[in-house]
Amino acid sequence: VQLQASGGGLVQPGGSLRLSCAASGSIFSINVMGWYRQAPGKQRELVAAVTRGGSTNYKDSVKGRFTISRDNDKNTVYLQMNSLKPEDTAVYYCNADSPQVRYWGQGTQVTVSS
């Protein structure tokens with residue numbers, strides 16, 4: 001499975017960004033797709049995840065601001081990020097889980113700064 005992420009950038013506090021991650025390859029085994037982030041000096045943490053059936057899970061600090069969605073026909077997962085805060089600044093990583101393997105996409109930088 002290959003994951004191609006896009007959509008990061010620089011945005012002012014309060015602004016919005018949308019991340020996209022397209023999966024290709026042996027995607028039939030993938031159930032959960034999601035986004036993690038890693039800020040400098042910190043551990044990678046789960047931001048949001050979505051199952052093939054549409055069930056979602058969010059980090060508490062992004063609830064109400066971020067929305068994860070998934071297009072199974074396009075094998076793509078999205079992360080709509082609104083009301084961004086400086087503490088959201090990090091490298092964001094797309095991931096996909098099969099029963100045996102966790103796949104990672106390349107990171108995309110999100111910087112929230114005035």
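This report describes the nonpolar core, the strand pairing and selected residues of a predicted model.

## Nonpolar core

The largest nonpolar core comprises 30 residues. Within this core, the residues with the most contacts are Trp35, Leu79, Met81 and Tyr92. At least two core residues come from each of the strands β1 (2-6), β3 (17-24), β4 (32-38), β5 (45-50), β7 (66-71), β8 (76-81), β9 (90-97) and β11 (108-112). In soluble globular proteins, nonpolar side chains tend to be buried together.

The surroundings of Leu79 illustrate the packing. When neighbours within four places in sequence are set aside, Leu79 contacts Leu17, Arg18, Leu19, Trp35, Val47, Ala48, Phe66, Thr67, Ile68 and Tyr92. Two of the residues in this list, Trp35 and Tyr92, are also named among the core residues with the most contacts.

## The four-stranded open sheet

An open sheet is formed by 4 strands, arranged in the order β1-β3-β8-β7 with antiparallel pairing. Strands β1 and β7 lie at the edges, each pairing on one side only. From one strand to the next, the twist averages 15°.

Strands β3 and β8 are joined in the antiparallel sense by 6 bridges; in this region Leu17 has Met81 of β8 as its bridge partner. Strands β7 and β8 likewise pair in the antiparallel sense over 6 bridges, and Thr67 stands opposite Gln80 in β8. The hairpin of β7 and β8 has 4 residues between the strands, and Asn75 adopts a positive phi near 55° there.

Which residues of β7 make up its covered face, and which its uncovered face? Phe66, Ile68 and Arg70 form the covered face, whereas Thr67, Ser69 and Asp71 form the uncovered one. In a regular strand the side chains alternate between the two faces of the sheet.

## Strand β11 and its partners

Strand β11 pairs with β2 (residues 9-11) in the parallel sense through 3 bridges, and Gly9 has Val110 of β11 as its bridge partner. A further 3 bridges join β11 to β9, with these two strands running antiparallel. Here the bridge partner of Ala90 in β11 is Val110.

The covered face of β11 consists of Thr108, Val110 and Val112, while Gln109 and Thr111 make up the uncovered face.

## Thr108

A polar atom of the Thr108 side chain lies 3.2 Å from the backbone nitrogen of Gly8. Apart from residues up to four places away in sequence, Thr108 touches Gly7, Gly8, Leu19, Ala90, Val91 and Tyr92.

## Lys63

Lys63 is located in the loop between β6 (56-58) and β7. The side chains of Lys63 and Asp60 are joined by a polar contact of 3.0 Å. Lys63 and Leu19 are separated by 44 residues in sequence, and their C-alpha atoms are 16 Å apart in space.

Note on methods: Residues numbered from 1 in each chain as written. Predicted model: local features only at pLDDT ≥ 70, side-chain atom pairs only at ≥ 80, totals over all residues. Heavy atoms only, no water. Core = buried A, V, L, I, M, F, W, Y, C linked by side-chain atoms within 4.5 Å. Buried < 20%, exposed > 50% of the residue type's maximum accessible area, 1.4 Å probe, protein only. Contact = heavy atoms within 4.5 Å. Pairing = 2+ DSSP bridges. Axes fitted to C-alpha atoms, helices over the stretch in contact; angles between N-to-C directions. Polar contact = N/O pair within 3.5 Å; in protein donor to acceptor, adjacent residues only side chain to side chain.
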